[in-house]
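User: Could you walk me through how to read a few features of a protein model? I would like the general idea each time, and then the case at hand.

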2 protein chains.
Amino acid sequence: MRLRDVGEFGLIARIARAAGPARGAVALGIGDDAAVLRVRRGEQVVVTTDAFVERVHFRFDRQSARHIGRFALAACLSDLAAMGARPLAFTAALAAPPRLPLATADGLTAGLLEGARRHGSPLVGGNVTRARETSLTLTALGAVAAGRALTRSGTRAGDRVLVTGALGASALARARADAGRGRLTRVPEPRLRAGRALATLPGVVACIDVSDGLAADLGHLLGPSLRCPLDPERLPLPRGFQAACRALGRDWRRLALAGGEDYELLFTVRPHAPGAARFARRLGLPVTEIGVVRAGRPARGGAGGFRHF
Amino acid sequence: MRLRDVGEFGLIARIARAAGPARGAVALGIGDDAAVLRVRRGEQVVVTTDAFVERVHFRFDRQSARHIGRFALAACLSDLAAMGARPLAFTAALAAPPRLPLATADGLTAGLLEGARRHGSPLVGGNVTRARETSLTLTALGAVAAGRALTRSGTRAGDRVLVTGALGASALARARADAGRGRLTRVPEPRLRAGRALATLPGVVACIDVSDGLAADLGHLLGPSLRCPLDPERLPLPRGFQAACRALGRDWRRLALAGGEDYELLFTVRPHAPGAARFARRLGLPVTEIGVVRAGRPARGGAGGFRHF
């Protein structure tokens, strides 16, 4: 069976059945002109859109359709985490050729819905269309107390830079798959709870999720007139990371600095904010201090992130 | 100049510059991990996603990039209109090959931003990625008083069916372009003000916007156990429509019934609700009563809408 055998409305009906009835913040879910979501008094709405394109962001020969769906939603929700928002719901736009196996479409849906349940962010609508290549475009909605969203701005010289979890695991998994040693199965965890906690902690200045790579995303926090020299030896790495990189003939420093798709939270705090250990306790996650912000232009070039064009 | 010459971040910077600073409901716009929007006390959030794919929804040889952007946003906002919501903002995901002329990307952006200004729905974020074909995926957010959203459900036998404006203009414009007689320039008007008024008027039951075609969209309001025989002679048509269809060798009834993309509001009202003339005054638009709902299965087949797979 292929998409063309069930058609647009057949596919939407399958997705709606799998998603089940509206719950949580959802007043009206899949099946109308639009979905309707409840927010609490005094909250603002947070919205982020991410696209995932075949052969750019995923490859059917390296990962299951379910993994693609899980990964895509994790990446999108990670932007809510970086704002300190709680997830409300998300929409999904699937574009695919009519010859796409129905099992693949069902796998993408299953992955999205697994993530939706895990993170309390139900699928409430979207779009299906034919296209020459397969893509998923997700829009996640969240809510945050008015004026309390964590943004990328505000960092000054003297602020300290911290990061949750470990860096490089996604890059290592991709390097393994590139080398033909196994398929991609790892799904990063969007740091939703940690983000919400950060939004309430004093001394926290700015936050971003590590999607393009540590060096590139740190650049987004620092802007053109600040820098923060990073010592790769101080970066938090997954267990056995250096040896695993060596075995693949890859430079562990590059993978940790520029790898991307870790979806850890990278944040800056004022000089007198508590230490990493105290943040780790409050966030319920490992937290590592990786540098101090200085005035002055960053060095040109270096470890860049992913370039789209 | 092509997309590859400015890169992902260069393109985002161009779009952000063209969009200008955050206004209206926007607490935080383009340039962070997510956007932040204000809603009023007692409001719910309405969200809808629409995708527009090259050669499926638009063709660069038949319409300008600006027209594509304008049209896409109008179609997406029309879903907010059908819910009775006021627009808050929208996100745009652009996927395109690196060889896409920068002028085309700028044209798409210009069209989106023209619509954004016209309808008070600013562009607050999105995504740019490379892909083999060009597509735009838009997500519009709106707000509606809690519990007052217009939905597709609730219609019963005896209810009357009304529609705003005229039907068939978009189908006629496409037929003209198909015949090589001119490019597509018409942009439908999302009936945002009329939708908000409908949501407050007593006797209004259900509402949908005419996107797939009158017959198909009426089917969404009626479901499997109601029908509403339509007399093409009673449909509101654009001036000169029948003659223009004849000149192209097209069946005007088919274009009016199944054409699609009119983005008028199709709604049902209880038997004793006011007449079309009264609705016309309240909505500030022509309103035509086109039929009465009856019990029983609709006739099979007939004038269908657009099939995606």
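User: Is Y263(B) buried or exposed?

Analyst: Y263(B) counts as buried because its relative accessibility is 6%; the cut-offs are under 20% relative accessible area for buried, over 50% for exposed, and partly exposed in between, with a 1.4 Å probe and protein chains only. Please keep in mind that this is a predicted model, where local features need pLDDT of at least 70 and side-chain atom pairs count only at pLDDT 80 or more, while totals for chains, interfaces and linings use all residues. Residues are numbered from 1 along each chain as its sequence is written, chains are lettered from A and ligands numbered from 1 in the order in which they are written, and side-chain values use heavy atoms, with hydrogens and water left out.

User: What should I look for in the backbone of Y263(B)?

Analyst: Most residues other than glycine have a negative phi. Y263(B), which is not a glycine, has a positive phi near 60°. Y263(B) sits in the loop between helix 8 (252–258) and strand 10 of chain B; helices (H or I, at least four residues) and strands (E, at least two) are DSSP runs, numbered from the N terminus. In chain A, R55(A) also has a positive phi, of about 70°, and is not a glycine. That residue lies in the loop between strand 3 and helix 2 (65–83) of chain A.

User: Why is strand 10 of chain B described as largely enclosed?

Analyst: In a regular strand the side chains alternate between the two faces of the sheet. Here, 5 of the 5 residues of strand 10 (residues 265–269) of chain B are buried, so this strand is largely enclosed by the rest of the structure. L265(B), F267(B) and V269(B) are buried on one side, and L266(B) and T268(B) on the other.

User: Which strands pair with strand 10 of chain B?

Analyst: Two strands pair if DSSP finds at least two bridges between them. Strand 7 (residues 160–164) of chain B runs antiparallel to strand 10 of chain B, with 4 bridges joining them, and R160(B) has V269(B) as its bridge partner. Strand 8 (residues 204–209) of chain B is also antiparallel to strand 10 of chain B, over 5 bridges, with I208(B) opposite L266(B).

User: How many residues of helix 4 of chain B are buried?

Analyst: An α-helix has 3.6 residues a turn, so residues three or four places apart point the same way. In helix 4 (residues 169–178) of chain B, 7 of its 10 residues are buried, among them A169(B), L172(B) and A173(B). Their cover includes helix 2 (65–83), helix 7 (241–247) and helix 8 of chain B. Just after helix 4 of chain B comes G180(B), with a positive phi of about 75°.

User: How many salt bridges are there over all chains?

Analyst: Side chains of opposite charge can pair when their charged atoms come close. The count over all chains is 34 salt bridges, each being a side-chain nitrogen of Lys or Arg within 4 Å of a carboxyl oxygen of Asp or Glu. One of them joins E289(A) and R160(A), with the closest N and O atoms 3.1 Å apart. E289(A) belongs to strand 11 (residues 287–292) of chain A and R160(A) to strand 7 (residues 160–164) of chain A, so the pair ties together parts that are 129 residues apart in sequence. E289(A) is partly exposed at 22% relative accessible area, whereas R160(A) is buried at 9% relative accessibility.

User: What do chain A and chain B bury between them?

Analyst: The size of an interface is often given as the accessible area lost when the parts come together. Chain A and chain B bury about 5,300 Å², 57% of it on carbon and sulfur atoms; this is the accessible area (1.4 Å probe) that the two parts lose on being put together, summed over both. In contact terms (heavy atoms within 4.5 Å), 63 residues of chain A meet 63 residues of chain B.

User: Which salt bridges and strand pairs cross between the chains?

Analyst: The rule finds 6 salt bridges across the interface of chain A and chain B. R152(A) and D32(B) form a salt bridge, with the closest N and O atoms 3.9 Å apart. D32(A), D33(A) and R152(B) are linked in a network of salt bridges. As for strands, strand 2 (residues 35–37) of chain A pairs antiparallel with strand 3 (residues 43–53) of chain B over 3 bridges, and A35(A) has V47(B) as its bridge partner.
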